[in-house]
Amino acid sequence: MSWTVMGSLGAVSATERAMRTLHDEQAGALYAYVVRLLNGDRHKAEDVVQETLLRCWRTQDLTSGQPLRPWLFRVARNLVIDEYRMRKTRPQEVNGNTWLEDLLTRPDDVDWLLSSLLLKEAFRELSPAHREALYETYFYGRSMRETGEVLGVPPGTVKSRVHHAVRALRLAMGVVESAGGKYVSAA
């Protein structure tokens, strides 16, 4: 076995010279083709080009003078397709950078418990009229008109009380309205 590095000036056999010539003539175009197939993933493209040239070296007669470019491009394309199919059949790989973030942002029982305690405390801080309006509309599911009949006040008053009660609860929970009209945590 010769330890002459492929592409080195010391390539002595005809096969080594042919492989060096093949690499010099085809590797750049093959790499550009594979990068396009892989949507710009240069690292995977390097691997595919290397595997393609290795298969060429193992299976093709490099000294015959036959054009190898069509064979190289077909093999590279097949390698990309095989990789794509293999990824589709395997479970999705976990991104090593986001697993901790996903774990920390997923709500759990402790978050729910703390939120419910905070909400309970905020609910106690409301005036009795605001608590009654919220209780009738949210817990019993009554309309503003029905709540007004139960409480003996006009529907507009019920609507106002519910609005101010919800606003007070949001403030107590640290939820504020963003510029886009959506509510976000102030923390």
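Accessible areas here come from the Shrake-Rupley method with a 1.4 Å probe. On that basis the protein, a predicted model, exposes about 13,900 Å², and carbon and sulfur atoms supply 55% of this area. Of the 187 residues in the protein, 21% are buried.

**Fold**
- The protein contains eight helices and two strands.
- Read from the N terminus, the order of elements is α-α-α-α-α-α-α-α-β-β.
- Among contacts with a separation of 6 or more, 46% join residues 24 or more positions apart.

**Nonpolar cores**
- The largest nonpolar core comprises 23 residues, and L22, V34, V48, L53, C56, L62 and L72 have the most contacts inside it.
- Two or more residues of this core come from each of α1 (14–37), α2 (42–59) and α3 (69–89).
- The biggest contribution to this core is that of α1, with eight residues.
- Beyond its neighbours within four places in sequence, V48 is in contact with V34, L38, A76, L79 and V80.
- A second, separate core has ten residues, including A122, L126, L134 and V166.

**Packing of α1 and α3**
- The axes of α1 and α3 lie 10 Å apart, at an angle of about 35 degrees.
- Their crossing is right-handed.
- On the α1 side the contact involves L22, Q26, A29, L30, Y33, V34 and L37, which meet R69, L72, F73, A76, R77 and V80 of α3.
- Sorted by class, this contact of α1 with α3 holds ten nonpolar residues, one polar residue and two charged residues.

Key. Residues are numbered from 1 along each chain as its sequence is written. This is a predicted model: local features need pLDDT of at least 70, side-chain atom pairs count only at pLDDT 80 or more; totals for chains, interfaces and linings use all residues. Side-chain values use heavy atoms; hydrogens and water are left out. A nonpolar core is a set of buried Ala, Val, Leu, Ile, Met, Phe, Trp, Tyr and Cys residues joined through side-chain atoms within 4.5 Å. Buried means under 20% relative accessible area, exposed over 50%, partly exposed in between (1.4 Å probe, protein chains only). Helices (H or I, at least four residues) and strands (E, at least two) are DSSP runs, numbered from the N terminus. Contact means heavy atoms within 4.5 Å. Axes are lines fitted to C-alpha atoms, for helices over the stretch in contact, and angles run from 0 to 180 degrees between N-to-C directions. A crossing is left-handed if the near helix is turned anticlockwise from the far one by less than a right angle, and right-handed if clockwise. Ala, Val, Leu, Ile, Met, Phe, Trp, Tyr, Cys and Pro count as nonpolar, Asp, Glu, Lys and Arg as charged, and the others, Gly among them, as polar.
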